[in-house]
Amino acid sequence: MSVRVLFFSVLRDLVGAEELALSLDATAPRVADAVTTLYTRYPDLEKWDESLLVAVNCEYADREHLLQEGDEVAFMPPVQGG
């Protein structure tokens, strides 16, 4: 199964891409499976684990959210002001 992954702000810089296609092997993949796969490929992302915001198809989602073929999964750092 494949999902489209988007990265914003500093996360985009850590990955070196604005978006990528991510293949997941799990029978019923969850956001947590995508996170684990991404941390394996991009270890620096894990530093953001406690504050990482995730949205699936433009709606915030928790890590237990089940993913479907073709979903858009966005990873964002917390909103910062100045």
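Trainee: Starting with the wording: two strands count as paired if DSSP finds at least two bridges between them. With that in hand, which residue in β5 stands opposite Ala55?

Mentor: Ala74 in β5 stands opposite Ala55. Keep in mind as we go that this is a predicted model. The two strands involved are β3 and β5 (residues 72-76), joined by four bridges and running antiparallel.

Trainee: Let's zoom out a bit. How many helices and strands are there in the protein chain?

Mentor: The protein chain has two helices and five strands. Reading from the N terminus, they come in the order β-α-β-α-β-β-β. The radius of gyration is 12 Å, close to the 12 Å from the globule rule for 82 residues, so the chain is as compact as a globular protein of that length.

Trainee: And what box do the C-alpha atoms fill along the principal axes?

Mentor: Roughly 40 × 25 × 20 Å.

Trainee: Back to the strands, then. What is the order of the strands in the sheet?

Mentor: The order is β2-β1-β5-β3-β4, in an open sheet of five strands with mixed pairing. β2 (19-23) and β4 (59-60) are the edge strands, and each has a single partner, so one side of each has no neighbour in the sheet.

Trainee: What holds strands of a sheet together in general, by the way?

Mentor: Backbone hydrogen bonds, and the pairing can be parallel or antiparallel.

Trainee: Now the other end of the sheet. How many bridges join β3 to β4?

Mentor: Two bridges, between antiparallel strands, with β3 spanning residues 53-56. In that pair, Val56 stands opposite Glu59 in β4. The two strands form a hairpin with two residues between them.

Trainee: I'd like to check the backbone torsions there. What is phi of Asn57?

Mentor: It is near 50°, which is positive even though the residue is not a glycine. Most residues other than glycine have a negative phi. Asn57 sits in the loop between β3 and β4. Cys58 is in that loop too, and its phi is also positive, about 70°.

Trainee: Changing topic: I've been looking at Val3. Where is Val3 found, and what is its relative accessibility?

Mentor: Val3 belongs to strand β1. Its relative accessibility is 2%, and since buried means under 20%, that qualifies.

Trainee: What does Val3 touch, leaving out residues up to four places away in sequence?

Mentor: Leu20, Ala21, Leu22, Leu24, Leu67, Gln68, Asp71 and Val73. The contact with Val73 spans 70 residues along the chain, and the C-alpha atoms of Val3 and Val73 are separated by 7.0 Å.

Trainee: What about contacts across the protein chain: of those between residues at least 6 apart in sequence, what percentage join residues at least 24 apart?

Mentor: That figure is 51%.

Trainee: I also picked out Lys47. Where is its place?

Mentor: Lys47 lies in the loop between α2 (31-41) and β3. It is exposed, with a relative accessible area of 68%. Its C-alpha atom is separated by 16 Å from that of Val79, 32 residues away along the chain.

Definitions and conventions. Residues are numbered from 1 along each chain as its sequence is written. This is a predicted model: local features need pLDDT of at least 70, side-chain atom pairs count only at pLDDT 80 or more; totals for chains, interfaces and linings use all residues. Side-chain values use heavy atoms; hydrogens and water are left out. The radius of gyration is taken over C-alpha atoms; the globule rule is 2.2 Å times the number of residues to the power 0.38. Contact means heavy atoms within 4.5 Å. Buried means under 20% relative accessible area, exposed over 50%, partly exposed in between (1.4 Å probe, protein chains only).
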